[in-house]
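Open the model in your viewer and keep the selection tool ready. We will go from element to element.

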Amino acid sequence: MKIIGLTGSVGSGKTTVAHILEKEFGAKVLIADEIGHFFMQPNREGYQKILMEFGEDILEDTKDRENRKIDRKKLAEKVFKDISQLEALNHIIHPLVKEYLANIIAEERKKGECSYLFIESALLIEAGYEKICDELWYITAKEEIRRKRLKASRNYSDEKITSILKNQLSDEIFRKKCKKVLENNGDIAEILQQIKFLLEI
């Protein structure tokens with residue numbers, strides 16, 4: 001079983017590619033963000049650590065004081081304005097995610113049912129996920145396309161998009177660190193063809 005990391009800048013279409021790999025190629029796909037959100041839930045390992053670091057003003061506004069969830073929009077507003085706070089959040093969440101991933105990989109190896117397991121994460125390189133991957137794929141798209149996607153799917157302002165992009169790795173670093181590159185500027189058919197080429201199908 002080959003472990004492949006999928007990474008790229010925000011709006012490049014990493015999750016879309018991940019879903020195509022799962023649906024069309026039968027690959028096992030793990031989304032690091034989704035696993036991280038799991039650990040942010042009340043009574044999970046990351047919850048209290050995040051509250052201690054960022055305070056209770058990041059919690060949802062609700063009358064249920066006992067089971068208040070972390071409002072990820074409030075948390076995102078904090079961390080994307082300050083790189084040191086983003087690093088603090090990553091320091092809490094990513095060790096938990098990596099441990100979870102290591103357990104899943106071990107289980108899948110025992111099963112021996114799939115040829116490829118993909119791990120999708122925007123911070124694959126920064127958080128050291130390459131240590132558990134056999135190779136990295138860089139999913140990229142032109143900046144104007146990424147901006148258009150983020151406005152349409154997340155309703156982000158130009159200012160917010162610029163702020164997020166500023167805190168991410170450069171195209172040069174992504175290309176240097178990743179073995180293969182998938183250009184996601186077109187339609188699904190183009191992505192499928194590129195994936196077949198990258199998987200040597």
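α2 lies across β2 and β3 (116-120) and runs at about 50 degrees to β2. Helices (H or I, at least four residues) and strands (E, at least two) are DSSP runs, numbered from the N terminus. Contact means heavy atoms within 4.5 Å. Angles run from 0 to 180 degrees between N-to-C directions, with axes fitted to C-alpha atoms, for helices over the stretch in contact.

Next, α9. This helix packs on the sheet and touches β4 and β5; its direction makes about 170 degrees with that of β5.

A word on the source. This is a predicted model: local features need pLDDT of at least 70, side-chain atom pairs count only at pLDDT 80 or more, and totals for chains, interfaces and linings use all residues. Residues are numbered from 1 along each chain as its sequence is written, and side-chain values use heavy atoms, without hydrogens and water.

Now show the whole sheet. It is open, with 5 strands in the order β2-β3-β1-β4-β5 and parallel pairing. Strands pair if DSSP finds at least two bridges between them. At the edges, β2 (28-31) and β5 (180-183) each pair on one side only.

Zoom in on β1 (residues 2-7) and β4 (residues 135-140). These parallel strands are joined by 4 bridges. Pick L6: its bridge partner in β4 is W137.
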